[in-house]
Amino acid sequence: MSAPALSPTSFTSSPAAAATTTAHAPAARPRIVIAGAGPAAQALVRQLTRTPFAGTITVLSNRDDAPEELLELAVLPQVSVRFGQPASYIDAGNRRVTTADGMEFSYDELVIATGSAPAETPVEGAGRCLSYSTIDDAARLGEAVKDVTRVLGRRPLGILVGTGSAAGQAEAVLRARGVRPVRTTVRPAAVVPTLAGSVLPASGIVFEDGSSMTGDLVILAEDRIARDELAATAGLATAPGGGIVIGQDFRTSVPGIWAIGDAAAYDGVRLGLLVASGSAASVCASQLLQATLGTPLAEAA
C-alpha cells in the first residue's frame, strides 16, 4: 500500500474529559482512542508520541495482564492504557466508545486495531511451532531459521501447513532464508514434539489417519479471521471475507473512525498481509494528526 496524499478533511474537537461529557463541545486537547493493544496499536502509539501531538491517547486493551511493551507505552505522559477493558460498543454519532465493563470514553478520533484470530481451534501442540500470519512475522521467522540452521549445520527441512496468501508468503520467506519447505494443505491433528532438551521447536506433524510428516521445523500459516465485531456497532462497512473496509488513508466508512492492522481490510485483503505494522502506523499517524490538528503534517518519522 503506498502512502496516500493527506486529505484536507478535519473534525471538530471534543472535550478532553472521558466518557460522559458531551462529544461535540469545544476541546482544549484532542483525544485519540485506540481499541486494541496488539502490534499495530503499539506501533501507532509510538508514531504518535514521536510527533508534536498535544492531545491524549487512550488504549483499550482486552488483556488483563500488563506485558512489558504495553507498560513502556503506559508511562508516557499523554498515554493511558486501560488493561482488561476491551471496546464493545461505539456510539459514532456522539463519538463515544463503551468497554465490556461499561466504562465510556469520548473521542475525537477512534482507531480500531483489534487484530485477527485463528479461523479454527489451535492444532494440538501448536505452541511448539513457528507461525506466520502477517508480514511482521517474516523477521521473527527468519531469526528462528537462522538459529536452527546454526544448530543443524545444514539447510533445514520445513513442514509448512496452510493455504491462501499467508501460506504463500511464508513459503517465499522460508525459501529466501534457505529452508527447503514441504507444504501441506491438510490440517494435522497434532504437532510432534522434539526430544527433551532440543533447541528445535518441533520435528513434525501427525494427521488424523495416523500418517505423519517429519522435518526440522514446523510452520503454521493457517487462515485467520479479522476481529471486526466492533464494526457492526457503528455501522462500518466490512469486506465480504471479513475485515473493516478502509481506504488508503485508513479511514473507514464512518467519519472519525479509522482501522489499522489485521482488523482492517484493503481491497478485500487483510491489511497485515499487505503492509508491515510500522509502515502502516506511520501513514495512519500522519492522517490522524492532520485530522485532530487541522494542519497538514509530514509523515510521522
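In the predicted model, strand S5 (residues 96-99) directs Arg 96 and Thr 98 to one side and Val 97 and Thr 99 to the other, and all are buried. In general, side chains of a regular strand alternate between the two faces of the sheet. Strand S4 (residues 87-91) pairs with S5 in the antiparallel sense over four bridges, with Asp 91 opposite Arg 96. Four residues lie between the strands in the hairpin of S4 and S5, where Arg 95 adopts a positive phi near 50°.

S5 also pairs with strand S6 (residues 104-106), again in the antiparallel sense, over three bridges. In S6, Ser 106 is the bridge partner of Arg 96. The hairpin formed by S5 and S6 has four residues between the strands, and Gly 102 in its turn has a positive phi of about 90°.

The pairing of S17 with strand S19 (residues 264-266) is parallel and runs over two bridges; Ile 244 has Ala 264 in S19 as its bridge partner.

Helix H6 (residues 277-293) contains 17 residues and spans 23 Å from its first C-alpha to its last, close to the expected 24 Å. Because 14 of its 17 residues are buried, H6 is largely enclosed by the rest of the structure. Cys 284 is buried, at 0% relative accessible area. Cys 129 also counts as buried, at 13% relative accessibility. The disulfide count is zero.

How values were computed:
Residues numbered from 1 in each chain as written. Predicted model: local features only at pLDDT ≥ 70, side-chain atom pairs only at ≥ 80, totals over all residues. Heavy atoms only, no water. Disulfide = S-S within 2.5 Å. Buried < 20%, exposed > 50% of the residue type's maximum accessible area, 1.4 Å probe, protein only. Pairing = 2+ DSSP bridges. Expected span 1.5 Å × (residues − 1).
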